[in-house]
Amino acid sequence: MPVIRSLDELTGLVDRRTGLYVRWSMGPATDLPGLASRDDLTGIPMPGLSANPLDVESWWGERPLRLWAARRLYDYAHLPRVKDGRVRPWLLLGKENGRGPDNEPLVTDVEPLGWVDQVVIEEATEEIARQRGPWGPLDRSPRRGHAA
């Protein structure tokens with residue numbers, strides 16, 4: 001599978017195509033045979049792969065597309081640390097088939113497009129760090145000193 005090697009390359013893809021998603025997992029070889037995610041809390045299988053949409057929402061307006069792409073990656077960059085070190089992001093085309101318990105799209109008719117290189121995640125993190133807001137990834141793992 002090809003590798004997306006820069007945030008600018010990913011931004012260009014988002015600019016040219018619709019129906020793109022990023023999925024954090026061990027990859028298409030693991031995901032495509034069953035084409036179903038499982039709810040981590042209940043273990044219930046869901047009708048599609050949970051993924052993050054990369055299509056730009058209308059409320060984003062004329063803001064930079066590079067920042068949009070960075071934000072979409074940054075939000076889940078904690079997953080390799082909290083789930084499994086082999087989890088990596090990959091880009092796919094797909095069709096939404098429902099929503100999971102976190103309101104995430106469940107995607108079917110999946111066409112893998114490429115791995116997202118770790119360098120892209122680092123660039124996304126740097127892009128987010130330049131913003132004024134106190135953003136943080138959607139990391140739910142317990143931290144020392146905080147109640148679980």
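Q: With which residue does the side chain of R71 meet in a salt bridge?
A: This is a predicted model, in which local features need pLDDT of at least 70, side-chain atom pairs count only at pLDDT 80 or more, and totals for chains, interfaces and linings use all residues. Residues are numbered from 1 along each chain as its sequence is written, and side-chain values use heavy atoms, leaving out hydrogens and water. A salt bridge here is a side-chain nitrogen of Lys or Arg within 4 Å of a carboxyl oxygen of Asp or Glu. At 3.1 Å, N to O, the partner of R71 is D75.

Q: Is D75 buried or exposed?
A: Buried means under 20% relative accessible area, exposed over 50%, and partly exposed in between (1.4 Å probe, protein chains only). R71, at 27% relative accessibility, is partly exposed. D75 has a relative accessibility of 6%, so D75 counts as buried.

Q: How many salt bridges does a search of the whole structure find?
A: Side chains of opposite charge can pair when their charged atoms come close. The pair R71 and D75 is one case, and R66 with D8 is another. The search finds nine.

Q: Which helices do R66 and D8 lie in?
A: Helices (H or I, at least four residues) and strands (E, at least two) are DSSP runs, numbered from the N terminus. The side chains of R66 and D8 form a salt bridge at 2.5 Å, N to O. The two residues are 58 apart in sequence, so their pair ties together separate parts of the chain: for R66, helix α3, and for D8, helix α1.

Q: Which residues are linked with R66 in a network of salt bridges?
A: R66 meets D8 and also E127. R130 belongs to the network too. Linked with R66 are D8, E127 and R130.

Q: At about what angle do α1 and α3 pack?
A: Two packed helices are described by the angle between their axes and the distance between the axes. Axes are lines fitted to C-alpha atoms, for helices over the stretch in contact, and angles run from 0 to 180 degrees between N-to-C directions. Angles under 35 degrees count as roughly parallel, over 145 as roughly antiparallel, 65 to 115 as roughly perpendicular and the rest as oblique. The axes of α1 and α3 are 9 Å apart, at an angle of about 105 degrees.

Q: Which residues of α3 make the contact with α1?
A: α1 and α3 are roughly perpendicular to each other. Contact means heavy atoms within 4.5 Å. From α1, L7, D8, L10, T11, V14 and D15 take part; from α3 come L65, R66, A69, A70 and L73.

Q: What is the relative accessible area of A77?
A: A77 lies in the loop between α3 (65–74) and α4 (79–82). Beyond its neighbours within four places in sequence, A77 is in contact with W24 and I121. A77 counts as partly exposed because its relative accessible area is 27%.
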